[in-house]
Amino acid sequence: MAQASPSHFSSFLLILLIFALSLGQQTTAGHGLSIKEATIDDLQLAFKHNKLTSRQLVQFYLGEISKLNPFLKGVIEVNPDALYLADKADYERKTKAPSVSLSKLHGIPILVKDNIATKDKLNTTAGSYALLGSVVPRDAGVVTKLRKAGAIILGKASLSEWVYGRSNETPPGWSGRGGQGVNPYNFNATPSGSSSGSAISAAANLAAVTLGTETDGSILSPSSWNSVVGIKPTIGLTSRAGVGPVSPRQDTVGPIARTVSDAAYVLDVIAGIDSSDLATIEASRYIPKGGYAQFLRPDGLRGKRIGIVRALFNFGGDASLARTFEQHFNTLRKRGAVLVDNLEIAHFDEIYYNSSSESIALAAEFKIYLNTYLKNLVASPVRSLADVIAFNNKNSKLEKVKEYGQGRLLEAEATNGIGNAEKAALVNLAKLSKNGFEKLVTKKRLDAVVAPSAAVSTLLAIAGSPGVVVPAGYTKDGVPFGISFGGLRGSEPKLIEIAYGFEQATKIRKPPSLKKLQDLEPHFIGVLKQMGVLL
């Protein structure tokens with residue numbers, strides 16, 4: 001491994017020092033209100049009683065991003081119009097409320113993943129320099145709904161480049177534009193991906209709530225690793241129009257937040273029909289009258305039938321983790337859930353270990369749908385996957401092609417539409433899902449299957465089914481892990497009841513202390529003085 005130059009090393013130390021010095025600063029605004037860890041309900045109550053304005057809230061988050069993001073790299077770009085939008089929200093609240101009922105997200109700053117299009121001054125690049133300066137035709141469908149609800153688009157969250165479609169060697173949370181995202185709980189732990197920045201930013205209080213996308217695990221996994229709540233919605237429940245794609249068969253857009261209630265409020269806003277995504281028409285039948293927030297019930301676990309597939313609980317001999325989840329099972333039982341244990345999913349090993357069907361299908365679909373997305377941009381330096389690969393080769397230092405390669409891009413480019421191999425893979429995936437997860441849940445009359453972290457994600461991905469992950473604990477090294485619940489298509493109401501019931505029974509989440517940097521602060525000052533960086 002090449003050694004860093006002294007200038008690079010001193011720059012890194014400066015970032016760490018600034019970060020450490022910032023940790024003790026105020027996390028309040030307005031009338032002494034603590035914004036750190038504040039929920040949407042907290043913020044709306046503060047708005048109502050004139051203890052906080054949207055401008056103050058945006059200023060707080062911009063300040064946190066300025067201080068923490070040089071190290072955490074959870075945000076790829078901030079919206080230069082964020083304060084203008086905050087002022088607009090404050091004016092609307094003053095002139096319209098209480099005569100007009102405002103959305104729960106009105107005046108709330110939200111970060112959206114950098115593959116979600118915004119027709120404003122922000123770039124939409126999927127983390128790649130190849131799309132820097134490209135112009136999207138319109139807001140993504142979910143962004144249109146957010147704006148209509150009065151939410152403030154604070155900026156773009158970083159991600160694994162091309163939603164982890166670049167190569168197997170690319171570290172989770174890395175992109176050319178965004179750099180390497182850092183897990184705020186343990187700097188040596190993975191932030192996971194591909195919605196890494198969305199999870200990092202929600203965890204570290206860089207925004208009130210965030211949006212991520214998932215093809216297989218990209219909301220559930222980073223949410224688990226960063227101790228936040230993630231909802232992976234049923235395919236088509238939220239619009240994918242204007243979102244950099246992998247596969248419409250598996251792609252979905254969902255909220256990442258610090259609480260189940262905040263995630264449910266976001267889902268209420270972004271779910272629904274979008275004429276630009278026909279799948280939303282069929283999936284709209286799943287949306288309950290009155291929305292999802294009504295299922296935030298403290299007794300939501302009562303009577304729920306939850307299945308345990310022991311093959312999902314592979315802890316590699318970690319007895320502590322195994323004990324923790326047994327304790328969580330007892331909590332579920334005490335809160336009234338009926339646990340159906342020792343279940344088996346047909347062809348489990350094929351789904352998780354022996355089948356290449358998912359990767360075969362996704363490689364071909366990625367090329368098809370990315371090419372369509374790129375061609376539909378108003379302006380772009382690249383118009384096809386082949387152009388992206390060529391750009392990376394031409395700008396190999398910028399995109400670190402020597403270090404990370406672009407194997408997945410090359411694999412996708414080598415495909416030629418949906419041929420016999422791809423058709424066979426798609427048929428196999430449908431069969432595995434129907435005879436596996438879907439059959440199990442139906443036959444055993446389950447409301448959900450429980451799993452550690454995001455272990456259930458592949459089952460949900462190939463079924464087009466929803467999942468929710470909630471903080472479940474921390475290892476001895478402070479690394480977070482979650483507990484996830486997945487069900488059949490349209491089962492979000494039950495999953496929210498289960499997740500909220502578990503969250504309220506355990507209240508495990510805690511904000512990252514970032515104490516390690518505080519402890520190192522005197523050492524950094526001494527080192528920088530010796531190097532002549534500080535006088």
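A residue is called buried when its relative accessible area is under 20%, exposed when over 50%, and partly exposed in between (1.4 Å probe, protein chains only). The model is predicted, so local features need pLDDT of at least 70 and side-chain atom pairs count only at pLDDT 80 or more, while totals for chains, interfaces and linings use all residues. Residues are numbered from 1 along each chain as its sequence is written, and side-chain values use heavy atoms, with hydrogens and water left out.

**Salt bridges**

A salt bridge is counted when a side-chain nitrogen of Lys or Arg lies within 4 Å of a carboxyl oxygen of Asp or Glu. The model has 22 salt bridges by this rule.

| Pair | N to O distance |
|---|---|
| Arg55 and Asp87 | 2.7 Å |
| Arg147 and Asp139 | 2.7 Å |
| Asp341 and Arg310 | 2.8 Å |

Helices (H or I, at least four residues) and strands (E, at least two) are DSSP runs, numbered from the N terminus. Arg55 and its partner Asp87 form a salt bridge. Arg55 belongs to helix 3 (residues 54-72) and Asp87 to helix 4 (residues 82-96), so this bridge ties together parts 32 residues apart in sequence. Arg55 is partly exposed at 30% relative accessible area, and Asp87 is also partly exposed, at 32%.

Asp341 and Arg310 likewise meet in a salt bridge. This pair links distant parts of the chain, 31 residues apart: Asp341 is in strand 12 (residues 338-343), and Arg310 is in the loop between strand 11 (305-309) and helix 11 (319-334). Asp341 has a relative accessible area of 27% and is partly exposed; Arg310, with 29%, is partly exposed.

In the pair of Arg147 and Asp139, Arg147 is partly exposed at 29%, whereas Asp139 is buried at 17%. Elsewhere, Glu77, Asp114 and Arg177 are joined in a network of salt bridges.

**Helix 3**

The bend at a residue is the angle between axes fitted to the seven residues ending there and the seven starting there. At Ser66, helix 3 bends by about 40°, and Pro70 follows within four residues. Buried residues of helix 3 include Leu57, Phe60, Tyr61, Glu64 and Leu68. An α-helix has 3.6 residues a turn, so residues three or four places apart point the same way. After helix 3 comes Lys73, with a positive phi near 55°.

**Record annotation**

An unreviewed UniProt entry lists residues 57-457 as "domain: Amidase"; such annotations may be inferred rather than shown by experiment. In the model, this span is 40% helix and 13% strand, and its end C-alpha atoms lie 34 Å apart.
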